[in-house]
Amino acid sequence: MAVFLQPPLSSVPKLESAVASWPLRGRHGGGGPRMCAAPDPLTAVAGLLWGRSLPPQALVAAVRTAWSAAWHLMMRQLAPSARSGTYSRPPSAFPSVSDEYYALPLESLRLHLYVGLPCPWAHRTIIVRALRSLESLIPVSIASPGADGSWDFTDGGGGGAAGGGGLVPGADRAGGRRTLREIYGSRRGGYEGRSTVPMLWDSAKGEVVCNESYGIVEFLNSIPGGGPDLSPPELRVRIEQWNQIIYPNVNNGVYRCGFSQSQEAYDSAAEKLFETLELLEAHLAVSRYLCGDALTLADVCLFTTLIRFDLVYNVLFRCTRKKLLEYPNLHGYTRDIYQIPKVAATCNFDAIMDGYYRILFPLNPSNIRPVMPSGCSHEALSKPHNRG
């Protein structure tokens with residue numbers, strides 16, 4: 001039999017006085033004016049048109065048709081797709097670092113890295129820069145996503161300290177420009193394409209060196225630094241094999257789910273995404289990292305998608321079959337990499353959530369940012385991973 005303890009009388013609320021203070025409502029109410037907020041204009045108009053009933057079916061159909069047309073128009077600009085509705089990522093205009101930069105001595109490098117914290121492709125470059133201890137050699141400027149899809153710089157913030165920690169959006173530390181578009185446009189010959197991050201900039205020449213993430217991380221890894229080689233010669237074939245699996249099905253796969261413009265395109269992308277996650281889950285049951293016991297560029301590229309999975313992709317991009325938390329090996333692997341010194345400092349979860357939920361208007365018209373999942377907090381990701 002359950003026993004319920006009676007609280008002391010001093011802790012019992014004085015219900016009589018509380019009830020007496022409530023405003024009286026209904027036919028028999030009285031005792032002063034009723035507190036009632038005035039309806040907003042849209043609600044007032046709706047009340048005049050159809051009272052308390054639902055909007056007329058014809059109006060619902062008209063709004064649905066107009067919204068669908070506007071949504072497809074915006075999505076074609078945001079995420080170009082094939083006729084089937086499948087998202088097709090535009091190629092980078094500056095896909096690789098030219099050989100001349102590989103041949104330059106360190107003292108001749110005048111390079112600047114431009115990134116945005118929400119972007120997983122830019123996140124790759126920040127991690128490699130940190131792991132290779134290149135913070136003092138390759139300065140960084142951190143842009144914020146603008147409401148129109150541009151990347152803008154602010155007067156406040158540090159823009160990324162030389163020590164590698166406390167990465168926050170700030171000013172353009174190389175040229176003092178207001179937007180990334182201005183920087184692209186200042187190159188010799190100008191530029192009319194998409195102004196994307198990451199972007200490696202030659203400050204001496206005023207020229208874009210590369211704006212393809214993998215081209216940048218390969219170059220950064222080649223610079224002599226204080227950290228581990230993330231692409232040792234004996235592992236390069238295996239790294240490329242994993243990249244050929246991970247990029248189309250996971251890195252780009254989550255975007256193919258979120259940016260699909262037909263049910264068939266979404267179904268195909270989701271099937272390939274979760275099929276690949278199951279493959280990775282099985283592999284990581286017997287291997288600490290993708291290529292064995294050594295962290296490589298393939299792991300960095302996978303990590304920046306996984307760290308955003310439950311935070312953003314599971315909800316906003318409709319990658320809903322399973323959460324990352326439901327994959328014991330993948331989740332432990334993610335925590336393992338997160339706990340490598342310097343990696344956690346590159347992960348700004350508030351900036352990531354704002355950059356998706358409050359900027360991708362076609363996917364989240366309400367602009368409401370959900371509560372951060374408990375499994376994505378720093379405390380949860382810092383729990384022991386038991387992976388070696």
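Colleague: What percentage of the 388 residues of the chain count as buried?

Modeller: This is a predicted model, in which local features need pLDDT of at least 70 and side-chain atom pairs count only at pLDDT 80 or more, while totals for chains, interfaces and linings use all residues. Residues are numbered from 1 along each chain as its sequence is written, and side-chain values use heavy atoms, with hydrogens and water left out. If buried is taken as under 20% relative accessible area, exposed as over 50% and partly exposed as in between, with a 1.4 Å probe and protein chains only, then the share of the 388 residues that count as buried is 44%.

Colleague: What share of the contacts in the chain with a separation of 6 or more comes from residues 24 or more positions apart?

Modeller: A contact here means heavy atoms within 4.5 Å. Among the contacts in the chain with a separation of 6 or more, the share from residues 24 or more positions apart is 71%.

Colleague: Which residue is the bridge partner of valine 115 in S2?

Modeller: Strands of a sheet pair through backbone hydrogen bonds, either parallel or antiparallel. S1 and S2 run parallel and are joined by 4 bridges, and S2 (residues 140-145) is mostly covered, with 5 of its 6 residues buried. Within S2, the bridge partner of valine 115 is isoleucine 142.

Colleague: Which residue in S4 stands opposite leucine 111?

Modeller: S1 (residues 111-116) and S4 (residues 199-202) pair in the antiparallel sense over 4 bridges, and leucine 113 has leucine 200 as its bridge partner in S4. Both faces of S4 are covered, with Met199 and Trp201 buried on one side and Leu200 and Asp202 buried on the other. The residue in S4 opposite leucine 111 is aspartate 202.

Colleague: Which residue in the turn between S4 and S5 has a positive phi?

Modeller: S4 and S5 pair in the antiparallel sense over 3 bridges, and the bridge partner of tryptophan 201 in S5 is valine 208. The two strands form a hairpin with 4 residues between them, and the turn residue with a positive phi of about 65° is glycine 206.

Colleague: Which helix gives the most residues to the lining of the second largest pocket?

Modeller: On a 1 Å grid over the protein atoms alone, a cavity is a set of points where a 1.4 Å probe fits but cannot get out, a pocket is an open set with protein on both sides within 12 Å along at least five of seven lines, and lining residues have an atom within 4 Å of a point. The volume of this pocket, the space filled by probe spheres set on grid points joined across faces, edges and corners, is about 180 Å³. The lining includes Tyr214, Glu218, Arg236 and Ile239, and both H7 (213-222) and H8 (236-251) supply at least two residues. The helix that gives the most, with 4 residues, is H7.

Colleague: How far apart are the end C-alpha atoms of H8?

Modeller: The buried residues of H8 include Ile239, Trp242 and Ile246, and its buried residues pack against H5, H7, H9, H10 and H11. The expected span of a helix is 1.5 Å times one less than its number of residues. For the 16 residues of H8 a straight helix would reach 22 Å, but the end C-alpha atoms are only 19 Å apart.

Colleague: What is the relative accessible area of glutamine 241?

Modeller: Glutamine 241 lies in H8, and its C-alpha is 10.0 Å from that of cysteine 291, which is 50 residues away in sequence. Glutamine 241 counts as partly exposed because its relative accessible area is 48%.

Colleague: How much space lies in the largest cavity?

Modeller: A search of the whole structure finds 1 cavity of 30 Å³ or more. The residues lining the largest cavity include Leu306, Asp310, His331 and Cys376, and the lining divides into 5 nonpolar, 3 polar and 1 charged. The space in the largest cavity is about 60 Å³.

Definitions and conventions:
Two strands pair if DSSP finds at least two bridges between them. Ala, Val, Leu, Ile, Met, Phe, Trp, Tyr, Cys and Pro count as nonpolar, Asp, Glu, Lys and Arg as charged, and the others, Gly among them, as polar.
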